[in-house]
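Subject: Structure for you to look at

Hello,

Here is the structure I said I would pass on. My notes on it follow below.

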Number of protein chains: 2
Amino acid sequence: MEAMQISSRFTIAIHMLTCMEAFKDERKVTSEFLAASINVNPVVIRRILSQLKEAGLIEVKRGTGGAAPAKPLEEITFLDVYRAVECIGDNTLFHFHENPNPDCPVGRNIHKILDGRLLKVQQAMERELQGMTMADVMADLKKNI
Amino acid sequence: MEAMQISSRFTIAIHMLTCMEAFKDERKVTSEFLAASINVNPVVIRRILSQLKEAGLIEVKRGTGGAAPAKPLEEITFLDVYRAVECIGDNTLFHFHENPNPDCPVGRNIHKILDGRLLKVQQAMERELQGMTMADVMADLKKNI
DNA sequence: GATACCTGTAATCATTGACATTACATCAAA
DNA sequence: TTTGATGTAATGTCAATGATTACAGGTATC
């Protein structure tokens, strides 16, 4: 039984940004090229390119092609990437059961008792994501090459 | 576009434990009763009952029926509940794209660069979950009634 | 020991998200 | 105008969630 993970769009997006920076002086970074490095379909890449662009993290050239970070890598946090691609409807990490029984004292109160705590958990995770940037990734990459 | 949340089994399980404690002196807490308070099918409840039991968090009486916490509520953390019901295959919160291209310097290194960071994020979340217990929930419930 | 009430669990089914893939409209530079 | 690229709609497959029916297996009580 597998399950319930944050989608691979997130790690793919980080991979994409890393490639954009790593190859920026060497070649035009197209969706085809990214797809080859990541090993997924180019259309998947293009959809994520759109999301990253919409979030203001990258610039994509139409016609001529090619994508690149839109700001200094120190200013692109994992949280920025996470929010750009992980389209969580109401922005809550936890899915709450929808219709607890209002005639039961527990059912009537469970939501307000849990909401604050669930938010704290989510914020702990987001705080951690916010402390990591694409610059850190590039630094590690240079060490590994 | 909805998406990618931790399943409602978690909040349902917390709700179940809360009911077990809240009604323990008043009535037998059966899967039917829990299903009515939570407003889901009794079979869903029974499956989660099994998971909580397997994790050693509750005791369930066969035949006669009824479920109750197996240990003091201070010792049942949100993390215990999370791990009991959220059956994540390899225990990683993030889903990594599987086959980065080993012939690309980025594809070859991305996994080792990200793994540690993703683990840190997961641990931040789990640390927060570990700091919350069912006793806290009961305290809040009493305040709300 | 028959009955009545529960739990445990298998088997379906509908719905939804992820991801792959094909197809094509659109764009911009050479 | 030709040539790459991007943008995106449309499908298809697969897996997980959650609802539901059905029934086998316990256990207390009459």
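A:Phe33 has a relative accessible area of 17%, so this residue is buried (under 20% relative accessible area with a 1.4 Å probe, protein chains only; exposed is over 50%, partly exposed in between). A:Phe23 counts as buried because its relative accessibility is 9%. A:Phe23 and A:Phe33 form an edge-to-face aromatic pair, 5.0 Å centre to centre with 85 degrees between the planes. Rings of Phe, Tyr and Trp (its six-membered ring) pair if their centres lie within 6.5 Å, and planes under 30 degrees apart are stacked, over 60 edge-to-face, the rest tilted. A:Phe23 lies in the loop between H1 and helix H2 (31-38) of chain A and A:Phe33 in helix H2, so the pair ties together parts 10 residues apart in sequence. Helices here are DSSP runs of H or I with at least four residues, numbered from the N terminus.

The model is predicted: local features need pLDDT of at least 70 and side-chain atom pairs pLDDT 80 or more, while totals for chains, interfaces and linings use all residues. Residues are numbered from 1 along each chain as written, chains are lettered from A and ligands numbered from 1 in written order, and side-chain values use heavy atoms, without hydrogens and water.

Now the interface. Chain B and chain A each give 60 residues to the contact (heavy atoms within 4.5 Å). Four salt bridges cross between the chains (a side-chain nitrogen of Lys or Arg within 4 Å of a carboxyl oxygen of Asp or Glu). One of them joins B:Asp140 and A:Arg117, at 3.2 Å from N to O.

Regards

Note on methods:
Helix = DSSP H or I, 4+ residues; strand = E, 2+ residues; numbered from the N terminus.
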